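Reader: Before we look at the model, could you show me how to read its features one at a time, beginning with a general idea and then turning to the case at hand?

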Amino acid sequence: MEIAGMIRDMIAFYKGNPHDVNHFLKVYAYARTIGGLSGLDAETQRILEIASVVHDIACPLCREKYGRADGYLQEKESEGLLRRFLSRYGLPDSVLERVIFLVCHHHTVTGVDGMDWRILLEADFLVNAEENRMSQAQMDSAKEAFFRTDAGIELLALMATGMNKDGSVRK
């Protein structure tokens, strides 16, 4: 029920913005899938799923404040929003702090210190690859740069089979 409530609350937070809602739901689905296929322990899976639901919480603020929502701006603006948003769920401090850390680093591909961070990066990229119509070369570059889980690599390859070289979706 905890995740379902957060999903409902994030949809309300985004005021039903279809792009923002669909994006975080897809990232959540990929993160849950990769985490499950990777055999994460229950606590790490919980942290990953919470982080995937709230990972783009700063996007509306960044678009309003800066006119764009670049990754580094999201990382910069997320912490305060997360502390307010997540305060209603009574999360243990260790879970809260890890979720905040992950969200504040979800566009940082260096220094990855855990499977939760790795999988969040991979899940977000999988969704961005489709949404931004990334080319095969861009997907290959990401695979080399930061994909490390077997499940993430497999899903990236499966996605690539459905896309043309220029990133458009095959019919």
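**Reading a helical model**

Author: Glu-75 is buried, because its relative accessible area is 16% and the cut-off for buried is under 20%. Please keep in mind throughout that this is a predicted model. Glu-75 belongs to helix α5, and, when residues up to four places away in sequence are left aside, Glu-75 touches Val-103, Cys-104, His-105, His-106, His-107 and Thr-108.

Reader: How many residues along the chain separate Glu-75 from Val-99, and what is the distance between their C-alpha atoms?

Author: Glu-75 and Val-99 are 24 residues apart along the chain, and their C-alpha atoms are separated by 12 Å.

Reader: What describes a pair of packed helices?

Author: Two packed helices are described by the angle between their axes and by the distance between those axes. Here, helix α5 (residues 71–86) packs with helix α6 (residues 93–103) at an angle of about 150°, and their axes are 9 Å apart. Angles over 145 degrees count as roughly antiparallel, and α5 and α6 are therefore roughly antiparallel to each other. The crossing of these two helices, α5 and α6, is right-handed.

Reader: Which residues of α5 and α6 meet, and how do the residues of this contact divide by class?

Author: From α5 come Glu-75, Ser-78, Glu-79, Leu-82, Arg-83 and Leu-86, which meet Leu-96, Glu-97, Val-99, Ile-100 and Val-103 of α6. The contact of α5 with α6 has 6 nonpolar, 1 polar and 4 charged residues.

Reader: At what angle do the axes of α2 and α7 cross, and how is that angle to be read?

Author: Helix α2 (residues 18–38) and helix α7 (residues 115–131) have axes that come within 8 Å and cross at roughly 135°, and the two helices, α2 and α7, are therefore oblique to each other. In passing α7, α2 makes a right-handed crossing. Among the residues of α2 in this contact are His-23, Lys-26, Val-27, Tyr-30, Ala-31 and Ile-34, and those of α7 include Ile-119, Leu-120, Ala-123, Leu-126 and Val-127. Sorted by class, the contact of α2 with α7 has 10 nonpolar, 5 polar and 5 charged residues.

Reader: Is Ala-123 buried or exposed, and which residues does it touch?

Author: Ala-123, which is found in helix α7, is buried, with a relative accessible area of 0%. Not counting residues up to four places away in sequence, Ala-123 touches Val-27, Tyr-30, Ala-31 and Ile-34. The C-alpha atoms of Ala-123 and Lys-26 are separated by 8.3 Å, although these residues are 97 residues apart along the chain.

Reader: Which residues of α8 are buried, and where do they lie around the axis?

Author: In helix α8 (residues 136–146) the buried residues are Met-139, Ala-142 and Phe-146. These residues cover an arc of only 70° around the axis, which puts them on the same side of α8, whereas Ala-137 and Glu-144 are exposed on the other side of α8. What covers the buried residues of α8 includes α7 and α9 (150–160).

Note on methods
Residues numbered from 1 in each chain as written. Predicted model: local features only at pLDDT ≥ 70, side-chain atom pairs only at ≥ 80, totals over all residues. Heavy atoms only, no water. Axes fitted to C-alpha atoms, helices over the stretch in contact; angles between N-to-C directions. Helix = DSSP H or I, 4+ residues; strand = E, 2+ residues; numbered from the N terminus. Parallel < 35°, antiparallel > 145°, perpendicular 65-115°, else oblique. Left-handed = near helix turned anticlockwise from the far one by under 90°. Contact = heavy atoms within 4.5 Å. Nonpolar A, V, L, I, M, F, W, Y, C, P; charged D, E, K, R; others polar. Buried < 20%, exposed > 50% of the residue type's maximum accessible area, 1.4 Å probe, protein only. Arc of directions from axis to C-beta.
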